[in-house]
Amino acid sequence: MALSTQLHVVTGKGGTGKTTVAAALAMALAGEGKKVLLCEVEGRQGIAQLFDVPPLPYEERKIAVGLGGGAVYALAIDPESALLEYLAMYYRLGRAGKALDRFGIIDFATTIAPGVRDVLLTGKVYEAARRREGRDFTYDAIVMDAPPTGRITRFLNVNTEVAGLAKVGPIRRQADSIMEMMRSPDTRVHLVTVLEEMPVQETIDGIAELTSQKLPIGHVILNLVRPPLVSADTRTALLSRTVTVEAVGASLESAGLDPKAAYDLMSGGVADIKRQDLQESQREILVDCGRPLVELPALTEGIDLGALFELADKLKNDGVV
Amino acid sequence: MTPKPAPPPRKVKATPRGMSGAAAGTLDVDALLADRTTEIIVCCGSGGVGKTTTAAALGLRAAEQGRKVCVLTIDPARRLAQSMGLTELDNTPRPVAGVGAGPGSLDAMMLDMKRTFDEVVEQQASPEKAAQILSNPFYVALSSSFAGTQEYMAMEKLGQLHGQAVDQDRRWDLIIVDTPPSRSALDFLDAPERLSSMLDGRFIKLLLAPAKGPAKLLTAGFGIVTSALNKVLGAQVLTDMQTFVAAFDTLFGGFRQRAEGTYALLQAEETAFVVVASPEPAAMREASYFVERLAGENMPLAGLVINRVHDEGAEGITEADAESAGKRLEVGSATDKLTADLLAIHAARLKVSARESRLKSRFAAAHTGVPTVSVAALAGDVHDLDGLREIGDLLAKKD
């Protein structure tokens, strides 16, 4: 059915929830009836933990189904397996592959050789994106839980990584094909951030870097956004101190609560307003970043499968998929 | 079959550093910093948990308590770097201005991995050989983009700084290092081991073969391997690698020796590891992994810092009370409505705090005896030394 395979690359500073967003995005696509591959490349097994399934092997496994025949498959890509698979697939190196391993070359290539590791990781995504079953592509979409914003441009820009190493030859050709996919109209790099100073600054820097390398940017996803809990009246009253501790205490007492809590509740309220204002100022910075913004709420109960469906809905309604 | 002999006993500290007798279970940061036998503090943890901020705050606090401190940061956020007066990545420790009067001092530096690598090559090799290595395409790629270089060079720099501090001019008596944001948490611990196994590996010998004569290496598989490498890498890459390895050959021993020296230093009594986390499932999982890894490697753990923790706020009102009273007050006077809003904030905060407490107690149950300190969430980021001082107070629980 798939006429092409979309690629959604999800990046974000550590701690901003990019794995959660990547999973929600995959669920949203599956909800549209699509066959989706959700993959991770950093060996953290974040997807398995999120979906509460055993650690993922180097093998595509169905982990969730969507409405209308859609499904999410998951894959943890590790460079060693990717290299052996690559050698077997393109060079038919059955015996030689083992010999390479014995000489410590697989280890060398995946840990020491500059840039090779990233080419292998993105190369596997490339292989999955170009794979066909009969005349159609195997997957409608691939969602990649990618390295953090600080490293994403270098990670995707495999050409530059191997440029110093290989100017011609098979590695270079492989890197060129991957690069073509990364810059194709089917690819989007989404940046996940929270509304705090450092992650927002990194997002702005990330957008500039990706743009300079002509890598296509999709949405900026504001994650863990805290909803305002106070009305405009409450805000004014607290900040202008027109309400007294005694009045709040009396109000608490009328509802059967301890009036002594009034002071702490009011400081909690002022602190919350300050955080809201900070969040707002960071949002304003991002409004000018030139990319569409999508907000996902902070879910106080934490993330489970139900929460993923909720976030997936929000992503769908806001047009990310 | 005879059983394997037991490994020799390693020295293990009687009590973890930073654990005070009275309040076992709480990380006593001031005791850790005041202990003159603490010469190195390594802050490790997953990305985005405030590792660098914690390292900087510990450094400032130690300096203002009289220690001569050098903070080595790997990849600080711009503002944090500015808060310590670091404007450029020049690989040299610079004094931080504005540190309180007293015998202590604070220097800070950002690691430039390529420069560190280049300097090692220049120091170790003859000028001609160094020039040959520095211009080799494989070296250029290796020193600037290889995913593990940062870890190796952080280790190298730590060894250098400690050497200067202890053996040479006693410029510092405490080095605080913030670890690289590695994809796998303790990559830097693996660096010496990886380097050694790579250097001893048959692959390096294989690459050296043309220079040294292949006779010894003509074993089964040799032919297959070279032809496979040629096919996959292309002849040019292979030649570059061979030239590099041949030129680098004499330096390998020194590299390995120093990496092993730093590894031993990390296991020594003068080192203290501080694992940093935030109260989120992923970060706490990483923290568990760190704690287990450190124990497995006989690395001295001081304790766990949990950043950005939310406390319960107003006492005596449960989440259920807050929610039910809130509903009643919503329809009352203007003050009642305000109180209802405040109760809603309180209820949300209790939810978060309860979730965080569950994570913390789960960690404590799995890792008994790891001294821990929670640092309250601040409204904004750290921009200056005062911000770092505030974090320092929170770390030491002095408000």
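Colleague: What should I know about the model and its numbering before I start?

Modeller: This is a predicted model: local features need pLDDT of at least 70, side-chain atom pairs count only at pLDDT 80 or more, and totals for chains, interfaces and linings use all residues. Residues are numbered from 1 along each chain as its sequence is written, and chains are lettered from A and ligands numbered from 1 in the order in which they are written.

Colleague: How do I read contacts by sequence separation?

Modeller: Two residues are in contact if their C-beta atoms, placed from the backbone, lie within 7 Å. Take the contacts in chain A with a separation of 6 or more: 73% are between residues 24 or more positions apart. For chain B, 77% of contacts between residues at least 6 apart join residues at least 24 apart.

Colleague: In what order do the strands of the chain B sheet run?

Modeller: Strands of a sheet pair through backbone hydrogen bonds, either parallel or antiparallel. Here two strands pair if DSSP finds at least two bridges between them. In chain B, eight strands form an open sheet, ordered β3-β4-β2-β5-β1-β6-β7-β8, with mixed pairing. Its edge strands are β3 and β8 (372-376), each pairing on one side only.

Colleague: Which pairs are parallel and which antiparallel?

Modeller: Among the parallel pairs, β2 (68-73) and β4 (105-110) of chain B share six bridges, with B:Leu72 partnered by B:Met109. Strands β1 (40-44) and β5 (174-178) of chain B are also parallel, with four bridges; there B:Val42 stands opposite B:Val177. Strand β3 (94-95) of chain B runs antiparallel to β4(B), through two bridges. One of them pairs B:Arg94 with B:Ala108.

Colleague: How do α11 and α13 of chain A pack?

Modeller: Axes are lines fitted to C-alpha atoms, for helices over the stretch in contact, and angles run from 0 to 180 degrees between N-to-C directions. Helices α11 (232-239) and α13 (262-287) of chain A pack at about 110°, with axes 10 Å apart. That makes α11(A) roughly perpendicular to α13(A) (angles under 35 degrees count as roughly parallel, over 145 as roughly antiparallel, 65 to 115 as roughly perpendicular and the rest as oblique).

Colleague: Which residues meet there?

Modeller: A:Arg235, A:Leu238 and A:Leu239 in α11(A) meet A:Met266, A:Gly269, A:Val270 and A:Ile273 in α13(A). They divide into five nonpolar, one polar and one charged. Ala, Val, Leu, Ile, Met, Phe, Trp, Tyr, Cys and Pro count as nonpolar, Asp, Glu, Lys and Arg as charged, and the others, Gly among them, as polar.

Colleague: How many residues does each chain give to the interface?

Modeller: Chain A gives 67 residues and chain B gives 67. On the chain A side, α13(A) supplies the largest share, 10 residues. By class, that side has 33 nonpolar, 19 polar and 15 charged residues.
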